[in-house]
Amino acid sequence: MANDLIAALATGRGRTAIGILRLSGPGAAQCAEKCFTPLDGKPLTAHAPGRLVYGDLRDTEGRLLDKVLCTYAKAPHSYTGEDTAELHCHGSPMVLSLALEALFAAGARQAGPGEFTRRAFLGGKLDLTAAEAVMDLIDAETPAAARTAAGQLSGTLSRRGEELYSGLLDVMAHFHAVLDYPDEDLDPFTAEGLKESLTKAQKGLSDLLDTHRRGRVLTRGVSTAIVGMPNVGKSTLLNALVGYERAIVTDIPGTTRDTVEAKCVLGGVLLRLIDTAGLRETADPVERLGVERSRRAMEDAELILVLWDSSKVPTEEERVLLWEAMDLAPTVLVRTKTDLAQAPVPILNLDLPPAVALSARTGEGLDRLGELVSGLFPAGEAGEDQALLTNARQAEAVSRARTGVERALFALEHEVTPDALLTDVEEALSALGELTGKNLREDITDRIFSRFCVGK
């Protein structure tokens, strides 16, 4: 664990009401004292830890910068587990920059991205799933995502991982106890008992792995391609969903020549929308490139909205597009421009996916579209009592653990000796250890914390 003193701005870099400067490491309070003088004349460290103290903040030349509040904590009773201090200033970017310079001059160095949370992890204040939940909470864009991240931060995934780890560890411990102490009155190590324990672990790991899709949807959103023929209303729908003019809308077919991306929350689900160029044969080389990108966006999407003009009979080309979409991902048929049609043209003799008729201009039908989306990607009741895998690293670790258990079960069925098959159980334990950070390579740790902002 690093033993030097770090400092950083812990709040936004723009003009804000409050700006907080954070220190962590040996001598954090003493460093703050070099720049901060309490109005009561006592040193900062003469006040009780955790108390907010009012006083003057001064720059490297001793000139008054701001009237601020300061607090400190002693190890291990802090977020990082180290000595820490915080200065709560007015949110002037210039004041905060000059204050940071004063802290650096007093012995601190600039903190790197995620270094405070990394120190909390290395110091045993957080496990890896909780550390990742910190960033998930900061990035949350829906209420369900925020509740899920808060639950992960409080230890839901960690506790589930520990339960599975403990169950496999009991198998290993029982085997070695019987092997090492044959004269003790211990329950015999039987194939039936081993199979029961491994089968239970396999189911638990499978159930946990099944949560990854939902966890990914909550944290990353759903990649959603809006596709259809030219001038069917794709850009108008995107603008209606995001609430502003994100894409150019005209009556001229082929206006959109490249993919346009935006985010929205629909039916409680975060959608990463991709408005695509109209899918048609064209001699225009620029438009043809846009059509090719549209095809790729459709192939990569997790949800496809296929748009048809409700006032027209669908062409064979549009029908083929719908069938292609249904083969690629969950699909919703959106019949547009209902405000312009006297009555939607009925569609006969066609096996349709979930469908909705709407007007992107008036908003009629958008609520129904949200219901269809939430049905395809249900958020459920996310909260502090649910363990979800929210990223690929977590899912990969659990998947390897399950593979190890499945290999052990296969070996058991083929009467491999227990000492040999338990090497697969050891591999499963190692993989589960990576989930919470018991076993983790430094390069993986670096990659995890690189996505954090400076000051967190």
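Which residue in E10 is the bridge partner of Ile226? Asp275 is that partner. Keep that pair in mind while we walk through this model. The model is a predicted one.

Let's start with strand E8. E8 covers residues 222–228. Seven of its seven residues are buried. Look at one face and you find Val222, Thr224, Ile226 and Gly228.

Now the neighbours of E8. Strand E10, residues 269–275, is joined to E8 by five bridges. Those two strands run parallel. Our opening pair, Ile226 and Asp275, belongs here. Strand E11, residues 303–309, is also joined to E8 by five bridges, again in parallel.

Next, another sheet. Seven strands make up an open sheet. Read the order with me: E3-E4-E5-E6-E2-E1-E7. The pairing is mixed. Which strands are at the edges? They are E3, residues 36–38, and E7, residues 109–110. Each of these pairs on one side only.

Find E1 and E2 in that order. E1 is residues 6–9, and E2 is residues 16–24. Four bridges pair them, in the antiparallel sense. Ala7, for example, has Leu23 as its bridge partner in E2. Helix H3, residues 115–122, packs on the sheet. H3 touches E1, E2 and E7. The direction of H3 makes about 135° with that of E1.

On to helix pairs. Take H4, residues 128–139, and H5, residues 143–153. Their axes come within 8 Å and cross at roughly 155°. That angle makes H4 roughly antiparallel to H5. The crossing is left-handed. Who meets whom? On the H4 side, the residues include Ala130, Ala133 and Leu137. On the H5 side, they include Ala146, Ala149 and Leu153.

Is Thr129 buried or exposed? Its relative accessible area is 2%, so Thr129 is buried; the cut-off for buried is under 20%. Set aside its neighbours within four places in sequence. Thr129 is then in contact with Leu157, Ser158, Gln394, Leu435 and Thr436.

H13 passes H14 in a left-handed crossing. Among the H13 residues that meet H14 are Ala397, Ala401, Val405 and Ala408. Among their counterparts in H14 are Val425, Ala428 and Leu432.

That takes us to the cores. Nonpolar side chains tend to be buried together in soluble globular proteins. Here, the largest nonpolar core has 31 residues. Leu168, Leu198, Leu389, Val405, Leu422 and Leu432 have the most contacts inside it. Which helices each supply at least two residues of this core? They are H6 (156–180), H7 (191–209), H13 (392–413) and H14 (418–436).

Zoom in on Leu198. Not counting residues up to four places away in sequence, Leu198 touches Leu168, Val405, Ala408, Leu409 and Val425. Another core lies apart from the largest one. That other core has 28 residues, among them Leu9, Ala28, Ala29 and Ala99.

Terms used
Residues are numbered from 1 along each chain as its sequence is written. This is a predicted model: local features need pLDDT of at least 70, side-chain atom pairs count only at pLDDT 80 or more; totals for chains, interfaces and linings use all residues. Side-chain values use heavy atoms; hydrogens and water are left out. Buried means under 20% relative accessible area, exposed over 50%, partly exposed in between (1.4 Å probe, protein chains only). Two strands pair if DSSP finds at least two bridges between them. A nonpolar core is a set of buried Ala, Val, Leu, Ile, Met, Phe, Trp, Tyr and Cys residues joined through side-chain atoms within 4.5 Å. Contact means heavy atoms within 4.5 Å. Axes are lines fitted to C-alpha atoms, for helices over the stretch in contact, and angles run from 0 to 180 degrees between N-to-C directions. Angles under 35 degrees count as roughly parallel, over 145 as roughly antiparallel, 65 to 115 as roughly perpendicular and the rest as oblique. A crossing is left-handed if the near helix is turned anticlockwise from the far one by less than a right angle, and right-handed if clockwise.
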